[in-house]
Amino acid sequence: MAGGLTQAQGWGITVLRVIVGIVFLAHGGQKLFVWGFSNVAGFFGQVGIPFPMLAAIVVTLVEFLGGLALLLGLFSRWAAIPLAINMLVAILVVHLRGGFFVPEGVEFTLTLLAANVALALLGSGEASVDRLLGKRKV
């Protein structure tokens, strides 16, 4: 038991972290390589997000780099925090008015918010760069 968790629980966190990392890496990659900052900024401007170009750059990089960090298990707790904030803003600004169910509702973003809060609280799990770096210090 490391950090009060069983090894099985640590593997459960690993599965959650890797899947959430893939989701954010894909969404950030789509924004970065398919839509581009200007199209993301255009959407942000339409929904009333202030400083849409700055927000587009920040959100795109948070999703892409944060997703990569979660996938690798590198600084996972720190990567999960801005991703959770990103989802909270998405819920409040875009999805809340769409009700609960996807595609317009909060269902997906709320799940990602909860997953990132859990990862921020619980850490990387078993298979992660964070864990390897922690073992080297001992």
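**Helix pair.** I started with H1 (residues 7-46) and H2 (residues 52-72), which pack at an angle of about 165° with their axes 7 Å apart. Here helices (H or I, at least four residues) are DSSP runs, numbered from the N terminus. Axes are lines fitted to C-alpha atoms, for helices over the stretch in contact, and angles run from 0 to 180 degrees between N-to-C directions. H1 and H2 are therefore roughly antiparallel to each other, the term for angles over 145 degrees. I noted their crossing as left-handed, meaning that the near helix is turned anticlockwise from the far one by less than a right angle. By class, 22 nonpolar, eight polar and three charged residues make up the contact of H1 with H2. Ala, Val, Leu, Ile, Met, Phe, Trp, Tyr, Cys and Pro count as nonpolar, Asp, Glu, Lys and Arg as charged, and the others, Gly among them, as polar.

**Ground rules.** This is a predicted model, so I kept in mind that local features need pLDDT of at least 70 and side-chain atom pairs pLDDT 80 or more, while totals for chains, interfaces and linings use all residues. Residues are numbered from 1 along each chain as its sequence is written, and side-chain values use heavy atoms, with hydrogens and water left out.

**Loops.** Most residues other than glycine have a negative phi, and most peptide bonds are trans. I looked for exceptions. Phenylalanine 51, in the loop between H1 and H2, has a positive phi near 50°. At 67% relative accessibility phenylalanine 51 counts as exposed (buried is under 20% relative accessible area, exposed over 50%, partly exposed in between; 1.4 Å probe, protein chains only). Phenylalanine 75, in the loop between H2 and H3, has a positive phi near 55° and is exposed at 53%. Valine 102 and proline 103 are joined by a cis peptide bond, with omega about 15°. I placed proline 103 in the loop between H3 (76-95) and H4 (107-122).

How values were computed
Helix = DSSP H or I, 4+ residues; strand = E, 2+ residues; numbered from the N terminus. Parallel < 35°, antiparallel > 145°, perpendicular 65-115°, else oblique.
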